[in-house]
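Here's a quick briefing to read with the model open beside you. Have a look at the sequence and the fold before going on.

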Amino acid sequence: NIMLAGCANSGRVAESERLFHEIPKKSSVTWSALLSAYCKIGCEYESFRLLYEMQREGYKPSQFTLGSILRLCSINGLLHRAQQLHCYAVKACFDSDVFVVSALIDVYAKCLCIAEAAYLFDSITEGRNHVTWTAMINGYSLNGDSPRAIQCFAAMRAESVDANQYTFPGVLASCGAVSDHDFGRQVHGCILRGGFAANVFVRSALVDMYSKCGDLRSASKTTEETDFDDDPISYNALIHGCVKQGDPTRALSLFKTMHSKGMELDEFTYPSAINSLAVTKDAMNGGSIHALVLKSGFEGHTLVCNALIDMHSKHRNLDGAFKLFDSLVGKDLISWTSLVTGCALNAFHEEALELFCEMRKDGNGTIQPDAITVSSCLSSCAELALLNLGQQVQANYSVKSGLETRLSVNNSLVSLYGHCGASEQARRVFDSMEDKNVVSWTALIMGYAQNGEGWKSLQLYREMTASGVKPDFITFIGLLFACGHAGLVERGRYYFNSMAKDYGITPCSDHYACMVDLLGRSGKLDEAEELIDRMSIEPDAAIWKSLLGACRIHGNVDLAKKAAAKLSALEPRDSVAYVMLANMCVSSGKWQDAALIRSQMKSRGIVKEPGRSWLEVKGTIHTFVSEDRMHPEAEAIFSKVDEMLVRIEGAGYSPDTSFVLHDIDGDDDGKKLDLAHHSEKLAVAFGILRLPPEAPIRVYKNIRVCGDCHSAMKFVSDAYRRHIVLRDSNRFHHFRNGDCSCGDYW
């Protein structure tokens, strides 16, 4: 029996089996020794077969036999088997044995049955040892109940039970999970007094705890106090901590140190280093680390591949991200989320939504989206103005999955409704939120600004600052946009100056573009030009587009030519400068100049983006262009347009032929016909035909709405008693009862 136990403990199963069969007179010790050998190497079938044979031969398993096989159940997650053994322990009166109960606590905790584990722990009235306490502490930690794990450790110390190297990692992980830095330091004191600081698992747990608590200094000091050079686990913990605490430079430095020392880089080392490169957007070193991953054979590991997908997405290399994703065999939620988020980040919104739908089908719906996935999906719906799809995502994956309380999801919902012209619904979501951050407030400020409710943006900003939330640079973009579209020049100046003076935010090109737009719309073109001249940064295309747009409003052709020249130099393939300048020439009757500009466009191979309008009806997107007769219901649509024009002309509408951009010979009839069939008029006519009378007609256009269509929509909204929501490239226009939310200041 002693020889058999020795072979079993050293893992020599074959010799254990030979000795077992050679022993002429077996005892329960003999059977338990061989069973222990099977359990040590994880042989489930052989272990339970031997247990049944042992009982059939009339030998009663001891508490040590049960302990061995329960440990196997714990490692392999065999809950049902453990429950059977628990029943046997009760029948055999082992349910009060500390050794057996400790093993049962461990298996229940690791099978995520923490209530059963706690019941057993509480049933031990006396004789709890460090094994029992350790099983319970690690059980709470594993099941995410960090506060109870900490309380359990404190109770253990109060009963003067000493912890060991198996106890400390569990309680330290719990301290890190809830950022309980003070208690973690006390545990560190226990470790030092107990002489466990040199243990690699304890040390790595300490580094991880300090890192998660934001104390990188103590994490580094912990490694310096011990022999850190050959400890990849502690290195991994410190690198991960640096990434989490926003210090990617140091994380990469530690990674390079590991690599230069020839230390083992594993599936836990690479993701943290890759995440650091994703944050720093270092594409060159990103390619190098990808090559290193390939060389070391870790590309097939899901954790590593997920990190690479995320990195390439953030480096705007979606082709590389898709190749990695397609090659990955075991895709999990993070794999899908990384690519969905990457597509949304790179403005590939249709692809993001297609991936989201594919994810739901993958594995027969076993992969459930989390808050990050849903937020990215809602953001893509917002950018594509797919309100109905966004509401379906909200209903199916936010409300039903219990994600409606998650801050990121609610922020995306506020943004969705704001982007789709439903500011009232955006406000309802905002008011229902228990927690709000600067993103929440900014999303609604932007939503009001885009929907022509600038005064609400300013009021909300006052509420935001009164609540103690500090604005960020995006908040001020929303405020300046609101002021620009409401003609609030002095308020705009105040906010622009307040950025640096009150909050230390240096204006970027977006802020300057908003200020140029604000000044230009109000007719202060000279002041707008002066602002550009004294900018601390080089003006970009957005700034010159803002000035060019202001010149178009006020007919300043000379300044427009200057702005167009600057814009063309920055973006020579962009048609905006040519088109806007040509349209200004047309408006002032300079047809030859307009023709010359269009000829230049043609000779340089620059193509104007055609104006398109679209709306969603019963889940289908219907797109229209000017004079579009390709729609299946074109006859009914054109008939409805004719009817609309008759009704609104009777109410006082007169076509403004100055917005005809082609030199049409003959009288005004040809020009009026050209205006009548603009894409937005066709879309609204189709909406009247197919949408219920109480439903808003939501039309989206890729370029700025023309002045004649803007005037016509006001009459149509009054004549048909419809709420028409028209979003062009600049903003939303809400037409109700003959009025527009922009107040004709657009």
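This is a predicted model: local features need pLDDT of at least 70, side-chain atom pairs count only at pLDDT 80 or more; totals for chains, interfaces and linings use all residues.

**Two of the annotated repeats**
- Take residues 231-265: this stretch is 74% helix and 0% strand, and its end C-alpha atoms sit 11 Å apart.
- Residues 574-608 come out at 71% helix and 0% strand, with 8 Å between the end C-alpha atoms.

- Helix α2 runs over residues 13-22, and V13, S16, L19 and F20 are buried in it.
- Why do these four count as being on the same side of α2? They cover an arc of only 125 degrees around the axis, so they end up on the same side of the helix.
- The general rule behind this kind of pattern is that an α-helix has 3.6 residues a turn, so residues three or four places apart point the same way.
- Turn to the other side of α2 and you'll find A14 and H21, which are exposed.
- As for what the buried residues of α2 pack against, the partners are α1 (2-9) and α3 (28-40).

**D517 in helix α31**
- D517 is part of helix α31, which spans residues 509-521.
- Is D517 buried or exposed? D517 has a relative accessible area of 16%, and because the cut-off for buried is under 20%, D517 counts as buried.
- Its side chain makes a polar contact with the side chain of R521, at 2.8 Å.
- If you set aside neighbours within four places in sequence, D517 is in contact with H485 and S546.

**Domains**
- The protein is split into domain 1 (526-608) and domain 2 (617-740).
- Between the C-alpha centres of domain 1 and domain 2 there are 27 Å.

- Strand β1 (residues 612-617) and strand β2 (residues 620-625) run antiparallel and are joined by 6 bridges.
- Which residue in β2 is the bridge partner of V617? That's T620.
- Together β1 and β2 make a hairpin with 2 residues between them.
- Check K618 in the turn: this residue has a positive phi of about 55 degrees.

Methods:
Residues are numbered from 1 along each chain as its sequence is written. Side-chain values use heavy atoms; hydrogens and water are left out. Buried means under 20% relative accessible area, exposed over 50%, partly exposed in between (1.4 Å probe, protein chains only). The arc is that of the directions from the helix axis to the C-beta atoms. Contact means heavy atoms within 4.5 Å. A polar contact is a pair of N or O atoms within 3.5 Å; within protein, one must be able to donate a hydrogen and the other to accept it, and residues adjacent in sequence count only if both atoms are side-chain atoms. Domain bounds come from an automatic or database domain assignment. Two strands pair if DSSP finds at least two bridges between them.
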